[in-house]
Amino acid sequence: MAIDAPTSSPPSFSPWSDRLRHSAIILLAAALALSVVVALGELSPIRAAAVFICIAAAALVPWRLHNAATSREDVRGVNPVETAAVAAVVAGMPDPAVLLDRAGRVIHLNVAAAQLAPALRRHELAQFALRSPEIINALREAIATSEPRRAMYHDHAPVDRWMELIISPVPVPTLFGGTDKCMLLTFHDQTPLRRVEEMRADFVANASHELRTPLAALSGFIDTLQGQAKDDAKARERFLGIMHAQATRMARLIDDLLSLSRVELSAHVRPDTQVDIVPIIRQVADGLEPLARERQVVVETDLPEAPVVIAGDREELLRLFENLIENALKYGASGGRVIVSLSSAVSGEGTPEVRVMVRDFGPGIAPEHLPRLTERFYRVDVGDSRAQGGTGLGLSLVKHILNRHRGRLLIESLPRHGATFTACFPQIRTPAVAQS
Ligand code: ADP
């Protein structure tokens with residue numbers, strides 16, 4: 001896969017010291033030849049000296065004249081593209097960058113490029129250090145056509161990532177006042193974009209799957225009701241009940257999807273309305289009382305009498321506490337008890353926080369699931385979640401709402417010892433009149 005090694009030496013990048021050496025060799029050879037001719041008596045020493053001066057002038061004067069016309073760097077014998085100024089430009093580029101000569105040899109590279117491809121060496125062919133076939137092909141084409149090229153490749157070491165290489169031919173001055181095309185290689189890490197793209201595709205696939213399941217059930221029952229169960233009043237009653245549950249599930253899913261997208265859209269805008277969260281929690285707990293009774297769970301609230309004010313969005317906070325308390329009632333029902341409490345605490349970074357804790361005494365959650373619980377559509381037990389009317393989006397929504405409020409979610413659980421979900425909000429500094 002490697003590109004052919006160039007058969008000729010790279011053009012016009014030999015330093016001035018090489019040229020001086022060549023001139024010195026010519027003069028030495030001339031001096032030797034003239035000495036021999038003088039020794040043989042074919043030329044007088046004075047004439048030989050005159051000839052030598054002419055040869056020396058022929059060898060050195062054009063060189064001096066050209067030097068006078070070129071830059072100060074050139075006078076010191078440095079090719080324009082090898083100057084410290086060009087090196088500084090490459091070094092200052094934020095992404096990994098490598099400047100190659102037309103033959104593909106490295107002229108300059110920055111620290112980021114050296115970290116990306118530690119085998120890259122100045123004055124050596126880049127193709128031996130950059131072994132990806134995509135890079136080598138793009139480089140070969142760019143060199144052959146002097147046109148820009150792009151290549152995407154998958155890097156496995158030191159970490160797994162997707163990189164984009166952009167090769168831009170750049171005209172640079174040569175030693176003798178002309179221009180040549182060098183190749184500027186810049187590397188861009190596309191991994192975050194790629195991950196977002198994968199997440200988006202997964203999300204669409206999951207959402208369609210979640211919607212298709214109740215939809216298939218609905219159309220199945222419609223067919224049955226139009227066919228064999230047409231005149232069966234008992235079956236009709238039962239099927240309509242199931243259809244209602246499926247339609248409710250679809251509506252809930254769409255509702256959750258819309259809420260999630262709304263919260264995400266406003267993620268960068270922190271809510272600035274001051275709200276008292278105590279009545280909000282009470283309202284949610286009271287609203288879930290029928291579910292608690294149905295599941296035979298006692299909800300105990302341990303909330304202060306005085307207002308607890310945070311900067312928040314009332315609707316989002318209602319949604320957040322509803323999800324946490326409802327989950328405790330659904331998945332922790334076997335414990336028969338749910339505690340909702342509010343306290344003040346200080347975060348690990350020393351920030352004062354308001355913490356709302358929802359604790360149940362149900363089966364708890366195995367540790368391997370804890371880090372993934374807030375992912376969209378992630379469930380410990382899909383069947384159980386569906387049976388409870390879950391969408392798999394509740395905790396994801398909770399996390400996004402907390403992010404927008406610059407808060408965080410703590411999850412603690414041990415199998416058979418229940419689960420505790422704690423929503424932490426930053427405390428506001430100045431006491432203020434709250435909206436409840
Ligand atoms: P769902 O709509 O399925 O309830 P969530 O995002 O709210 O989705 O929760 C994700 C999963 O986390 C649930 O399916 C359930 O498996 C688990 N879970 C959430 N809360 C609890 C809890 N209090 N006890 C045990 N498991 C829980």
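**Close-up views of a predicted model**

**View 1. Five strands form an open sheet with mixed pairing, in the order β7-β9-β10-β12-β11.** The model is predicted: local features need pLDDT of at least 70, side-chain atom pairs count only at pLDDT 80 or more, and totals for chains, interfaces and linings use all residues. Residues are numbered from 1 along each chain as its sequence is written, and side-chain values use heavy atoms, with hydrogens and water left out. Strands (E, at least two residues) and helices (H or I, at least four) are DSSP runs numbered from the N terminus, and two strands pair if DSSP finds at least two bridges between them. β7 and β11 (408-413) are the edge strands, each with a single partner, so one side of each has no neighbour in the sheet. From one strand to the next the twist averages 20°.

**View 2. Strand β9 (residues 337-346) runs parallel to strand β7 (residues 298-302).** Five bridges join β7 to β9. Val298 has Arg337 of β9 as its bridge partner.

**View 3. Strands β9 and β10 form a hairpin.** Five residues lie between the two strands, and Gly350 in the turn has a positive phi of about 90°. The pairing of β9 with β10 (residues 352-360) is antiparallel and spans nine bridges. Ala345 is opposite Glu353 in β10.

**View 4. Strand β10 also pairs with strand β12 (residues 419-426), in the antiparallel sense.** Seven bridges connect β10 and β12, and Phe421 in β12 is the bridge partner of Val358.

**View 5. Helix α7 (residues 191-226) packs with helix α8 (residues 233-265).** Their axes are 10 Å apart and meet at an angle of about 160°; axes are lines fitted to C-alpha atoms, for helices over the stretch in contact, with angles from 0 to 180 degrees between N-to-C directions. The two helices are therefore roughly antiparallel, a term for angles over 145 degrees. By class, the contact of α7 with α8 has 19 nonpolar residues (Ala, Val, Leu, Ile, Met, Phe, Trp, Tyr, Cys and Pro), three charged (Asp, Glu, Lys and Arg) and three polar (the others, Gly among them).

View 6. A polar backbone atom of Gly392 is 2.8 Å from an oxygen atom of the ligand. For Leu395, a polar backbone atom is likewise 2.8 Å from a ligand oxygen atom. A backbone N or O atom of Val380 lies 3.1 Å from an oxygen atom of the ligand.

Terms used:
Angles under 35 degrees count as roughly parallel, over 145 as roughly antiparallel, 65 to 115 as roughly perpendicular and the rest as oblique. A polar contact is a pair of N or O atoms within 3.5 Å; within protein, one must be able to donate a hydrogen and the other to accept it, and residues adjacent in sequence count only if both atoms are side-chain atoms.
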